[in-house]
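Work through the exercises below with the model open. Each task is followed by a solution in steps.

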Amino acid sequence: MGSIAIPLPSVGGHQDIEVDIRVNGQLRQQNYRVEVFYWKDCYHRHNRAECIREILNGYDKEWQLYYIGMPTDDYVPITFMKRSA
């Protein structure tokens with residue numbers, strides 16, 4: 001699958017995003033979810049790689065990892081894409 005970048009308004013926190021795409025005349029819909037996870041909420045808070053692994057392993061299986069955003073000292077934003085049916 002190819003990809004394009006679409007700027008989104010910055011609203012912070014959880015975002016549910018629905019994108020209608022027309023490819024060769026066929027309309028398709030893709031759903032994305034952006035969530036912010038706080039390091040302080042992780043069991044492995046001092047090992048960020050393990051913390052992210054814990055988040056991904058426990059996340060709703062209807063969604064797959066799409067992108068891990070730039071982490072800060074307090075949190076990491078993660079984007080998920082809804083799996084095709």
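A pocket here is an open set of grid points where a 1.4 Å probe fits, with protein on both sides within 12 Å along at least five of seven lines. The model is predicted.

**Exercise 1.** Describe the largest pocket by its volume and its lining.

Solution. 
- Step 1: The volume of the largest pocket is about 660 Å³.
- Step 2: Its lining consists of 19 residues. Nearest the centre lie Ile4, Ile6, Val19, Tyr32 and Tyr66.
- Step 3: Sorted by class, the lining has 13 nonpolar, five polar and one charged residues.

**Exercise 2.** Find which strands supply at least two residues each of that lining, and which gives the largest share.

Solution. 
- Step 1: Strand 1 (15-23), strand 2 (26-38) and strand 3 (63-68) each supply at least two residues.
- Step 2: Strand 2 gives the largest share, with five residues.

**Exercise 3.** State what percentage of the residues is buried, taking buried as under 20% relative accessible area.

Solution. 
- Step 1: The protein has 85 residues.
- Step 2: Of these, 28% are buried.

Note on methods
Residues numbered from 1 in each chain as written. Predicted model: local features only at pLDDT ≥ 70, side-chain atom pairs only at ≥ 80, totals over all residues. Heavy atoms only, no water. 1 Å grid on protein atoms, 1.4 Å probe; cavity = no way out; pocket = protein on both sides within 12 Å on 5 of 7 lines; lining within 4 Å. Points joined across faces, edges and corners; volume = space filled by probe spheres on them. Helix = DSSP H or I, 4+ residues; strand = E, 2+ residues; numbered from the N terminus. Nonpolar A, V, L, I, M, F, W, Y, C, P; charged D, E, K, R; others polar. Buried < 20%, exposed > 50% of the residue type's maximum accessible area, 1.4 Å probe, protein only.
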